[in-house]
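Please read this briefing alongside the sequence and the model.

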Amino acid sequence: MALFERLKDYSEESIIFTSRAVLAFGCVLLLMLVLIGRVYYLQVVEFERYAAISEQNRVQLQPVAPRRGLIYDRNGVLLADNQPNFSVTLLKEEVDDLDATLAKLGELIELSERDIERFQERLQQRRRPFETVPLRFDLSEEEIARISLNYYRLPGVQVEADLIRHYPYGASLVHALGYVGRINVRELEQVDPTNYAATHYIGKLGIERFYEDLLHGRVGFQKVETNARGRILRVLERQDPVPGQNLQLSLDLRLQQFSESLLAGQRAAIVAIEPASGEILALVSTPGYDPNLFVTGISSRDYNALRDSIDLPLFNRALRGGYPPGSTIKPVIALAALETEAITPEKRIWDPGFYQLTQNGRRYRDWKRGGHGWVDLNRALAESCDVWFYEVGHRMGVEPMSDFLGRFGVGADTSLDLPEAITSFLPSREWKESVRQLPWYPGDSINLSIGQGFLVMTPLQLATTTAVLANRGRWVQPHLLQGLVQTPGDAPQPFPPIYQRKPKPADVVLENPDNWNHVIDGMVAVMHGERGTARRAARGAQYRIAGKSGTAQVVGIAQDAKYDAQALAERHRDHALFIAFAPVDEPRIAVAVVVENGGGGSGTAAPIAREVMDAWLTGDYHNDLQEKP
Amino acid sequence: MSGRDFQRTMPGSGLHPQRPGGLWHYTHLDGWLLVLLLLLCGFGLFVLYSASGQDLGYVQRQAVRMGAGFAVILLLAQIQPRTYRFLAPLGYLVGVGLLLGVLFFGVGAKGAQRWLELPGLRFQPAEVMKLAVPAMIAAWLVRQPLPPTFRHLLSTLVLLAIPTALIMQQPDLGTALLIAASGVFVILLAGVYWRWIFIALGLAAAALPALWAIMKDYQRQRVLTFLDPESDPLGAGWNIIQSKTAIGSGGLSGKGWLHGTQSQLDFLPESHTDFIIAVIGEELGMTGVLILLTLYLLIIARGLMIAVQAQESFSRLLAGSITLTFFVYVFVNIGMVTGLLPVVGVPLPLVSYGGTSIVTLMAGFGILMSIKTHKQMLTR
């Protein structure tokens, strides 16, 4: 037994223990020094490095999106505002399992495949680190509550409040205002990344796009203290964003909506301009569509429906629709003829109902089968006699007509702030030779003289031409912006840069200013003459109107073929056009109306123009169209 | 006083001890140790208030545990050291039995089974073993004259290996390490020959490369991550990076109590438990860390003094082991949080929030006080 082999030596055990204990204490001291050395290294040697890391952990510089400027009409009615919208977003860096999180969210709120698809797209796009990606917008209060209750099992999921553009009048103004939508990668590359650091929306179309810089404002910043989960605990420093400028447009919402109601159910456009200033009072293209659908991203089903609709609601007819102006261009042709002295106002031309360049040549028919008989300038305009214009068009040839059309804005985009407006083109000998590689034939001049053939114009161009006629040659450039306002009701502060954007076309100066009177008198005769084509549309007017109807052929009609509007398929019917300004002596409105497949200009388009003018000049906003048979 | 103690430890001394009177005598407490522990607990509560996010509930619960701890000290200080020696084998056997129970019936969290659940009671048998193992090893060793013979040493190592292996199975690396250390300290303090120690160290050093060679790739990867957590900055490294940042950014004087951004803004994980030293480093700076280390050093010095002055080997070994194990807590915890050592779940003694570790530690100090104050009654 071990116990008996050696005797316990208590004294020696104690001595051994003491020496070991002293040694152990030495080791303890040494290791304590190691710890102190380590702490010294961290807290003294590396202090600045760790202080910097700790500061970076804690403090984050966050951009703050500016509030987008509001848009008012000329009376201070709000046309585009910002509404709070709640969206559910994901912070990918904190989401453990994306699919599982989406599945869980799908149980709480309605998530369509489209939502998830769009979310995945957004996720693929380049984004700033720790930036949330929206999954669905327009959460209801109930949905917000349901998500909030489940926050604890949905790491990285947040409900975010955002200000989102809202268009209270929806489709009524979409072709005038445009809309904003979520900013995409391509647009991000074109804007100042700092200024747009917190912005999710950008003007895509129309006024919203054109005045993006004004409406957007200047980004603000805040230094925030966040905890480890990124929640903001307090704001340390803040530089407020500068909100975007509020725009006041020249549009009159009431006139706009009234004009829209006049076109109900039709593919048509109305542009009304104040001739003195060039301010656009109404800009309507029907059918329209709801811009609010586009703000947070339209679903593919909705978009396809709009894109594939036979009525082309996405198409801005007022700015981009090219229509043969037909007889509405005759006042300009008449001016050209008078100025080139191809004819005098009194000189009469015999109209047998057709016109021939040569014996047995092609017969250019008058719209009136029997002809108008002896016709002077005034009757030619009032009754829209085609043969008179064939004759003068042939006499002066293409050059003066091209020249005058160009001086009245044909083939140019003279608008100041309508980015979608097209220029179209100005038919001329050079144009045909270079574009069509064909010589200009005398027959082309004949077609041009009644606004057919190559000539196409947009409703905006027609209205502009009418305004210049109303001004007797003084040019105004059509525009929507009246100025910038702080609060609605203020006098708008002009925004000069837009006037310098384009050189103003030279005023139309006539060698013989009397010619204005001759032509305008002819246009008055259209409305108020006893044989004026649009006399029915002017019946009972409390002011004098100068107008001109136009009917543009959609399909060519064979020689001598009997024209029967009823027999033609609806979409092959003529386009109805009408231009007018009033009152004649002191014009306050110039209006152009185009109704696709509307039939005759005087029958369909002129009454619409009359309603618009009545509304604007006399305040009669009653739609009389339905009451007439 | 120490002169009298020395006299009394002389074998064959016929002098009857003069019993000291007063409070310390009747309560069997050690004034120095008690004051130091109170200071440490106060400091711990002070820091815990900040580390818990200024939650008085935590502080209250911790204070209640500390109170319970002091009650345990008072209780255990009354029991004579030889009672511990007699009870050691029983405690050890019951402990091993409970550990086996944990292995088969235990409950736990995060993939580790550490708890035994009885109706109305839930406890960690490993905590009991923190004291039962060194007591058992010491009791076993003193059955024969010290230093131990080779055979005796081998049997001791087996006694130590059984509970250590069982706890590693749970797995609870931190506790296994502390228990192994407590046993090894007993063996080392018992005076085991230096050449054996060096041979053991040499063998271990030689075994490492061989072990590395036979390990599979994924195992090596795990070892590497364990040794260098910062190679995995989003996983295991996150805690260490944040704790180093907290300590480093505290500087010499700290950011001020309650004003540590790392700790108050939740960047620092486990800030009120294992990583609480980082809160001290951040908010109280190096000054705070040095105050804490000084308190620990004084406690350890006092503990070793009690061990050296004990009258027989069992008490000496047990007191020495308890004190040195206490230091292992301190060193492993601070080493871990400052990035010197791999991450092992060891709390900062008497400062980290948590009940069981406080009671176990206090129990150890109760035994130390018993050893300190029962010398007079030794009759051997």
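Axes are lines fitted to C-alpha atoms, for helices over the stretch in contact, and angles run from 0 to 180 degrees between N-to-C directions. This is a predicted model, in which local features need pLDDT of at least 70 and side-chain atom pairs count only at pLDDT 80 or more, while totals for chains, interfaces and linings use all residues. Residues are numbered from 1 along each chain as its sequence is written, and chains are lettered from A and ligands numbered from 1 in the order in which they are written.

**Helix pair in chain B**
- Helix α6 (residues 125-141) of chain B packs against helix α8 (residues 173-189) of chain B at an angle of about 20°, with the axes 9 Å apart.
- α6(B) is therefore roughly parallel to α8(B) (angles under 35 degrees).
- Residues from α6(B) in the contact include M129(B), V133(B) and I137(B), and those from α8(B) include L178(B), S182(B) and V186(B); two residues are in contact if their C-beta atoms, placed from the backbone, lie within 7 Å.

**Chain A overall**
- Chain A has 24 helices and 20 strands, taken as DSSP runs (helices H or I, at least four residues; strands E, at least two).
- Of its 629 residues, 43% are buried, with 20 or more other C-beta atoms within 10 Å of their own.
- Among contacts in chain A between residues at least 6 apart in sequence, 73% join residues at least 24 apart.

**Interface of chains A and B**
- In chain A, 41 residues are in contact with 44 residues of chain B.
- α2(A) gives the most to the side of chain A that touches chain B, with 21 residues.

Note on methods:
Parallel < 35°, antiparallel > 145°, perpendicular 65-115°, else oblique. Buried ≥ 20, exposed ≤ 12 C-beta atoms within 10 Å, placed from the backbone.
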